[in-house]
Amino acid sequence: ETFDLVLASMSPAIHKPDHLYKMMAYSRGYCYLSSFVERHSSLKEKLYRLTDQSYVRQFNKINYIFNLLWTKGVFPELTYETGIHKRVFPLAKAQEIYTRELSVLESPEQASRIHQYLEAIAENEVVTESLQQRKGELIWKES
């Protein structure tokens, strides 16, 4: 079955050309795809350093997909939205989330470093993370 609009908003499901082409095959009208182009957190960068890990910035999937479409003769409209997103957690929840996100559940020493740092920066038992981000959006008409 085909649809007037097929969308993938912040979807990890579109990570290979075949996935993109499958998305396009289901459209009889338009396709929309959005993904982060840049996303940076100084808090998360600090936590990675504390746990002796490297902070790897997110891959720019939008430019890759734009180029795939262009080589197929599809000329999408590309727009960007820049902003700051704040994540606010109670201290205990922040400790749980960041320990999991940094994959240190099996390392009590690394988990302890994260917990101690979050305790030190928490204000009134609340941890706030500011994410500087740019989101890219592609929209195109299927022929």
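**Buried, exposed, and what the words rest on**

Q: Where does Ser 11 lie?
A: Ser 11 is in the loop between β1 (3-9) and α1. Helices (H or I, at least four residues) and strands (E, at least two) are DSSP runs, numbered from the N terminus. This is a predicted model, in which local features need pLDDT of at least 70, side-chain atom pairs count only at pLDDT 80 or more, and totals for chains, interfaces and linings use all residues. Residues are numbered from 1 along each chain as its sequence is written, and side-chain values use heavy atoms, with hydrogens and water left out.

Q: Why is Ser 11 called buried?
A: The relative accessible area of Ser 11 is 19%. Buried means under 20%, exposed over 50%, and partly exposed in between (1.4 Å probe, protein chains only). Ser 11 therefore counts as buried.

Q: Which residues does Ser 11 touch, leaving aside its neighbours within four places in sequence?
A: Ser 11 is in contact (heavy atoms within 4.5 Å) with Ser 34 and Lys 61.

Q: Why is Thr 128 called partly exposed?
A: Thr 128 has 41% relative accessibility, so it counts as partly exposed. Thr 128 lies in strand β4 (residues 126-141). Leaving aside neighbours within four places in sequence, its contacts are Leu 43, Lys 86, Arg 87 and Val 88.

Q: Why are Asn 124 and Glu 125 called exposed?
A: Asn 124 has a relative accessible area of 75% and is therefore exposed. Glu 125, at 55%, is exposed too. Asn 124 is in the loop between α5 (108-121) and β4, and Glu 125 is in the loop between α5 and β4.

Q: What makes phi of Asn 124 and of Glu 125 worth a note?
A: Phi of Asn 124 is near 55°, a positive value in a residue other than glycine. Glu 125 is not a glycine either, and its phi is positive, about 65°.

Q: How do you know that the buried residues of α3 line one face of the helix?
A: In α3 (residues 61-71), the buried residues are Lys 61, Ile 62, Ile 65, Phe 66, Leu 68 and Leu 69. Seen down the helix axis, they fall within an arc of 160°, so they line one face. The arc is that of the directions from the axis to the C-beta atoms. An α-helix has 3.6 residues a turn, so residues three or four places apart point the same way.

Q: What covers the buried residues of α3?
A: The cover includes α1 (17-25), β2 (27-41), β3 (77-90) and β4.

Q: What is found just after α3?
A: Gly 73 takes a positive phi there, of about 80°.
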